[in-house]
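Here is a short tour for anyone meeting this complex for the first time. Have a look at the structure, then read on.

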Amino acid sequence: MANSVNISIEAPIENQIQEITYDGQEIYQAPLSMSENLARLAQKIDFSKTEDEFCNIKKEGESSSDSKSEDENKEPGYQSSLWPWDSVRNKLRNALTEVSVLADVLSIAKEKRYMVLDPVQPEQTESRPMVQVYGRKKALGAAAAVLLAGVERLRASETMRMTRNMPDFHIDLLRLRQNWRLKKVSNTIVGDLSYRTAGSKFSQTGVFEVTKAPEEQIAQAMNAAGPVPSALRVTVPPELQGVAFISVLCQKEQEDVVTATLSSAAINCPGTLPGDGAELHWQQKLEAAQNVLFCKELFARLAAEAVQLDASIPHMVVGNQIMATVLPGIQLLIGLCHNNGQNTNNTNPEGVKPESATGKSDHDHVLEHSLHQLLRAVHHANTHHPFPHPATGPLGPSKRRCLAGPMAADRYELLDMSKEQSLLEQIIQQAQHFFMRRRSEYVLDTIAKEVKDPLIVSHWNALNSPTQSCVKINIMAYGYDAVCRTSLVVHVGEKTLKCICRDGKVRHLSYELQELRDLIYCQIYQHQMTAVQAVGRCMGWQLLASSSHLGSGPVEPLGNASSCLLASPNGDRMLAIRCEPSVGIQVYIAQSPRKDFFTSELVQDKKWEHLGGAFKEIKLEKMEGKNFLNKMELLMACLSSPS
Amino acid sequence: MGVTVLQQYPVPENKTGTYVIELLTKRILALGASQQGQFLVDCESYLSHPQMGTTKTVHIFHNSEQPASVFSILDTGSKNIHVIADGLFDLLMMKLSQHYTSKKQTKIESKGPRFELGDFCIKLGSVTMNQSFKGILVEVEYRPCVTPNAVWGLLREFLQGFLGPSVMVQAPQHLVSRMNEIYTPIDTIYQYLEHFSAYRKITGMRSA
């Protein structure tokens, strides 16, 4: 009646169940070996049946069948327990005896001297046809009554369904069967929603039961407005009911561990799914239960790893919370929130308190998603082995490990291969990277805000991995970006930063971001010095000397002071620029011939006035110009003009 | 993986192998090396069945430095063919026992302490065949380099330094023609094959 629907049929992959323990775990029988299977099948052969037929053919009334039946009675008593093939052997031996006796009899009968074969009139059985007819009629009548009653019931329910426009149980079952694994166990239909077939190795089972919904409820639901109710009822075990999710949050470490756990336990769990348990559509219900199972597996795995890993600061597992230190002072909290939906108060077994909103604590959706992804990757790896599979040899080691033998990998490489990162380590790394990225962003933004001259522009790469990202920083002055710009690249890792500067030097910084701040400041002052030299070149000034690491002056807290000396095109004026990261930029000017040259007794000759006089500092802040380079350009321009 | 040189150390008259090993250990420790476990290189030879034509020998080697690998060298008389495989190769040889029979009495191995000294890795092996002591092999590896030519001078100096002037340090026969090629683990095995073959030929201890 329905359109053609694809139904996949699979043989049950499980072996026969030997025993079901109280916690629902099934103990399977080991499959039979080839020889055991053969013995079992041989046991099943019904030798006596053929023997009887054999006897009928003989018609000689050999008394062997009587003695045989005695043998058979004896055999199972004590002999069959001795050896599995014993009964088979005995039966074959008896058959051989009979066949030899028959051959003897036949050969004697052929001589026709001692024995003659005469046809014997078969014994007439008393047949009373009417009795048989009555008997058969009665039996057929009983069978027909059963069938008719069944048809009547089916027809009644079908018509009732049609008249009341109720959903069809079997169509629903068909739909369920398309998406979920079902099997029939005696009178009930059970399904499995666990991820075992997808590669999960979690021990908890996800068995659910499918039943027919009571008609009154369907009728009730039909009357109420809303979607068409289903004729199916899905019963999920109580530990998988409700809603669950993994909450991930990062927070500042608190002095007291107890307060940390208390406040962090206040993770708000969303209530039940919309709609009450019974009215919920089976698809949503099963999906929710599957999600609960997945979250439980994820949390169980993380908790096991947290206990096993020996970190410098040990991870803590308290109740349904895992605490791990990401960076000094920052904690990662991973919790399992499971709201059973049966009771909104604290009585549910998972112990999650749906507390009043103490804080919509910043649950990290990205990290939660990463956790899900990581576990799914583990599942995928469990079922997808790299090709080619060896015909002999173990299945499961990575491709690198498969090649290790033929490539003659040494012990260090093998040791390296055996290391496997656990989920917890990976998620901690991702959290560390997240913090490093956020802190570097903050540092760069604050520097860009503090320092107006020159401008600091940072470009974050949009494409990055969960544990690595990259930012390019450009330092330039407004209006002079064509003259000079300094760029550097910062790779943000998990616990370290790698800065590649313009001169090709690579600096590795720790997670203390003061280091990044200092580095950027040094780069800014270095940029100012190179930029002023570039401007000088444009203006036709001559660079007399420059040093990026001056040995004179007070010791700088970060970096060294740098300086340069520029001479005007006709050589009569000199500019000295000194740049100290802690003080700023100072500009001095000297001119020759010096105005205040007077011959003295020591220096009598007039020519010495060309040596240039003492340097005088310029008050930069009083000068015109938008920024330092602009001021320097104006200064050079006015000093270049002949005085 | 670096370059390895295998050197035979003659055992002086009326001295035991353990005495020599202890002596060399003392010298190496005095240089500042630290002991890093033990090592073992063993070799088992299989002879092909006479029905298969000319007799060929298959040498199966295991080296504790490459624990996942089995090295095999097929000696056809005219040339050597090597195959590096993983541990299942041993099982394969058992299946081939109809065609290749193991000469149990020639099973030979070199084992002893393993030292690390900076970039050098030194192994002092006492060679035994059928539980009888045959001699001493000293293996020195220089790990940062892969071409023998570039490092042979350094290795010779190092070997001469702690073995003493009484020992002639010469480039291994196997390496002479391959001085400019990249060194691979099978080259170490070839050197062991050379020395093990020499040990098998003579009865008693090998002096030079």
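Predicted model: local features only at pLDDT ≥ 70, side-chain atom pairs only at ≥ 80, totals over all residues.

Two residues count as being in contact if their C-beta atoms, placed from the backbone, lie within 7 Å.

Residues are numbered from 1 along each chain as its sequence is written, while chains are lettered from A and ligands numbered from 1 in the order in which they are written.

**Cores**

A residue is called buried if 20 or more other C-beta atoms lie within 10 Å of its own, exposed if 12 or fewer, and partly exposed in between. A nonpolar core is then a set of buried Ala, Val, Leu, Ile, Met, Phe, Trp, Tyr and Cys residues joined through C-beta atoms within 7 Å. The largest such core holds 85 residues, and Ile246(A), Ala289(A) and Cys295(A) have the most contacts inside it. Its top contributor is helix 9 of chain A (residues 282–308), with 12 residues. There's also a second, separate core of 39 residues, including Tyr46(B) and Phe71(B). In soluble globular proteins, nonpolar side chains tend to be buried together.

Over chain A as a whole, 22% of the 643 residues are buried. Among the contacts in chain A with a separation of 6 or more, 56% link residues 24 or more positions apart.

Chain A has 15 helices and 20 strands; helices (H or I, at least four residues) and strands (E, at least two) are DSSP runs, numbered from the N terminus. Strands pair if DSSP finds at least two bridges between them. Axes are lines fitted to C-alpha atoms, for helices over the stretch in contact, and angles run from 0 to 180 degrees between N-to-C directions.

One open sheet of 5 strands runs 11-12-13-14-15, with antiparallel pairing. Strand 11 (455–460) and strand 15 (506–509) of chain A are at the edges with a single partner strand each, so one side of each has no neighbour in the sheet. Neighbouring strands here are turned by 20° against each other on average, direction ignored. Helix 13 (residues 423–450) of chain A lies across strands 11, 12, 13 and 14, at about 160° to strand 13.

Another open sheet of 5 strands has the order 16-17-18-19-20, also antiparallel. Its edge strands are strand 16 (542–547) and strand 20 (616–618) of chain A, and its twist averages 25° from one strand to the next. Helix 14 (residues 514–538) of chain A packs on this sheet, its direction making about 10° with that of strand 17.

| Antiparallel pair (chain A) | Bridges |
|---|---|
| Strand 14 and strand 15 | 4 bridges |
| Strand 19 and strand 20 | 3 bridges |

Lys498(A) stands opposite His508(A) in strand 15, and Tyr588(A) faces Glu617(A) in strand 20.

**Where the chains meet**

Across the interface, 12 residues of chain B are in contact with 10 residues of chain A. Strand 5 of chain B (residues 80–86) gives the largest share of chain B's side, 3 residues.

How confident is the predictor? The complex gets an ipTM of 0.77 and a pTM of 0.64.
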